[in-house]
Amino acid sequence: MSDVIAFTVNGRDASVEADPMARLSDVLRLQLGLTGVKVGCEAGDCGACTVLIDDEQVCACMVPAAQVEGRRVETVEGLADDPAMRKLQDSFHRHGAAQCGICTPGMLMASAELLRAEPKPDEQQVKDALGGVLCRCTGYRKIIDAVMDAGNPPPAEEPAAGEAVGSAMAKVDGEPKVTGAEIYAADAAPEGSLWLRAVRSPHPRARFSIGDDGPLRARFPGLVRLITAADVPGHNGFGIYPHIKDQPALADGIARFRGEAVAALVGDEATIRAIRDEDLTIEWTILPPVLGVDGGLANNAPAVQDDKPDNILARGNLVKGDLDKALADAAHVAEARMETGFVEHAYIEPEAGWARRVGDRIEIFATTQAPYMDLEETANILGLERDRVRIIPSACGGGFGSKLDQSVQPLLAVAAWVIGRPVRCTYSRPESMASTTKRHPARMRARAACDADGRLTAYDFTGDFDTGAYASWGPTVADRVPIHCPGPYHVPNLRARTRAVLTNMAPSGAFRGFGVPQCALVHEALMDRLAASTGIDQLEFRHINALRKGDEISTGYALEASAGQAECLEALRERWAEWRTAADTYNEGANSALRRGVGIGSVWYGCGNTSISNPSTMHVGIAADGTVTLYTGAVDIGEGANTVMVQIAADALGIAASQFHYIMGDTDLTADAGKTSGSRQTYVSGRAAQLAGEDLRARILRLTNAVADAAIEVAGGRIAVRDGTGAHEIDLGALEADARGNVLTGEGWFDPPTTPLDENGQGKPYGTFGFGAQIARVEVDTDLGTVKVLGVAAAHDVGRAINTQQLEGQIHGGVAQGLGYALMEEYVPGRTDNLHDYLIPTIGDLPPIEVILVEDPEPTGPFGAKGIGEHSLIPTAPAILGAIEHAAGIRIEQLPATPHRVRAAIKARDHG
């Protein structure tokens, strides 16, 4: 039943025919086209859909449409009509407060309510007003700054030619994020698109059969087709590795984890929403599931996959020196263990997209981190040649690794191909959390040894990682962890062994660090213990052992350049001493259960894929009218790749970055720049962008016979080149255009210098490493077991800062995720499939964060730069755990350090 509902939207009268109980968010988005209203949960948890009703913020997903009859509704699209709110949007843009941008409309609307009541709020007022809106990218600090400066936003920084690198230039894609104009995967689809919903297994392990769908179609005439595994025209399997395609697009007779897709319903939206899973004829035979590493490794455990009878998907191994002798001869030996659980990516944008058949080709528009991987998997699943597949990435509302794997893409491709009509799909939040990849749970133990002077001599590590039902990135984790497990320290003797174990859980995949955040918990605990054994200060112990240029790393390769670990520690030395002294003084005078502590954590992380080729190709073109375009296949998932690539290409070409346009990720228009993961895009694709700009510059200089340091200006249809010999000009209209409309093009290609590792894990795994260290100060309530982080200082060696503002934002966001990892985040299937049971940090959880950028240039990187994405998360949790130990005298050995675990450890200490 529908009613006519009349109300005012953004100052204009609106009248819609809708079910009175329809969600206001759906009415605004689907009927009025106001897609600046984002939907992240449909449960009032994330706040992305925040709008104002009669000047008060509400979650539009929780408001029945009938409730706005005769009322005033304001969305992000209407803010610019208010000059003060336009300043707010400008402040968000110029402060870098929008990263992926999916939460930005909700943040802006909550801020608007605050600022209209209190034009000059303090930080606590901002936190109180924005507490109902979640952000997974920014760490909230720049959002707070943007709101507090909204009345007087900072001036736009528009660097001149040759001055973009090193500036705080605002994001080239920032404006549409703050106005609501940015198009994410759920925001648009071709006219007349059908809707798709996956039917998923309610069991972690079960056989099943699907009966005749005739009665279902008779009951629901709007159902166009029930898609099953039998409809997959090509190979019903996908995966990250060329030799492992073990995860089916649709399960065929057996479901291996709760949430696995077994069928897909395609039809009109109302029908798809009306059909319940129970309406289908599916017969289930429930089988005993394999749960946890112990379950997977048990002698009588059933095989999760038939070709892996022992349930071991992959093993990692690294051996260097004589470990046993080093341990026997050591003056000090320490041991540590750690256990971690599943961690959910919790990006605010659920998986979404659409697909359509165009002649003998398929086009897919989706949220993704890896368009060329999507292309290859889609071609394989449909049985097509690669040139018959086009992937068009949407704006990506956060990824952090999980959007490297396939989600909606195989389902949409099969449905659109076999039906011949466009099909769209958006995952619900519970569906997203149940079916997508997680951080690998880990069970680890290690020993480390040092001599009497505190110099490390040995490190022995073993770790088992729950990789879930399918491979995903399990082999990469098994390979990457042995390399990184000793931390950023010089260790002459090393042994590391890892196993990726198959279980009947959701696949574990890539999540900001590929296993390194797990193993860092162990090596930092060992550094603290050895420091205590030797009587050396914890920071000083790390400084003594920090990797430096010329040192041989775990894989036997000597670092040639850019190893700023010691410098990062030195940058924190003063703050470390100040915070430790303050904490000790507080504890000496405290009469309550509150105790304070300060801890430290270090990180090193290889940028790019491990010991294999991972090249990037970039193009810069100039059209006949003088339009300069960067064609970048490096998908921006909020970290700023679009902006960084423009900055680099602009300085390499020698013109202002403001003159650049860009096209991102479309596989018909851009070359393969590799996936956005492994902290590789700034380093790898950035170098390719630099080479593309330099190549185009060289072509221009050759055409004009100008010298190398000539100034280039592109205006209208001409290029003016000036050097010591005078002015030279190119008439662009006189040149022949290529298929993309460019008359001049530069190309850049870069592949990091790596070598394969031998049977002992020795070789050169990465072209460069990023380094860093963080200190955290906390307050522990020893009665309740609660932990509050009071401050973090983070020093990171970035090689060369391409964009200082975005680097700070990345570090803030990494610290926020590290805080969640340490204290609150643990995914439990069936219990935490939403954002009110699965807790991520809110704006009230984030303390002040001091960022220190250390620049030790990397010769192979663009203008000396290297990655930061993963590095900023890895040391946070170890620093927090060290601070808890300093405060309460306990070492937490299982994450997250929830109040019940902290309190149990305190009780064990008191009764030990």
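1. The largest cavity has 36 lining residues, and E639, S679, Q810, I868 and G869 lie nearest its centre. A cavity here is a set of points, on a 1 Å grid over the protein atoms alone, where a 1.4 Å probe fits but cannot get out; lining residues have an atom within 4 Å of a point.

2. This is a predicted model, in which local features need pLDDT of at least 70 and side-chain atom pairs count only at pLDDT 80 or more, while totals for chains, interfaces and linings use all residues. Residues are numbered from 1 along each chain as its sequence is written, and side-chain values use heavy atoms, with hydrogens and water left out.

3. The largest cavity holds about 510 Å³ of space. A volume is the space filled by probe spheres set on the grid points, which are joined across faces, edges and corners.

4. Helices α18 (641-653), α19 (681-704) and α20 (804-823) each give at least two residues to the lining of the largest cavity. The largest share, three residues, is from α20. Helices are DSSP runs (H or I, at least four residues), numbered from the N terminus.

5. Domain 3 (442-609 + 759-910) and domain 4 (616-750) each contribute at least three residues to this lining; the domain bounds come from an automatic or database domain assignment.

6. The second largest cavity has a volume of about 250 Å³. Its lining has 23 residues, with F238, Q247, Q406, S407 and S435 nearest the centre.

7. How many cavities of 30 Å³ or more are there? The count is eight.

Notes. On a 1 Å grid over the protein atoms alone, a cavity is a set of points where a 1.4 Å probe fits but cannot get out, and a pocket is an open set with protein on both sides within 12 Å along at least five of seven lines; lining residues have an atom within 4 Å of a point.
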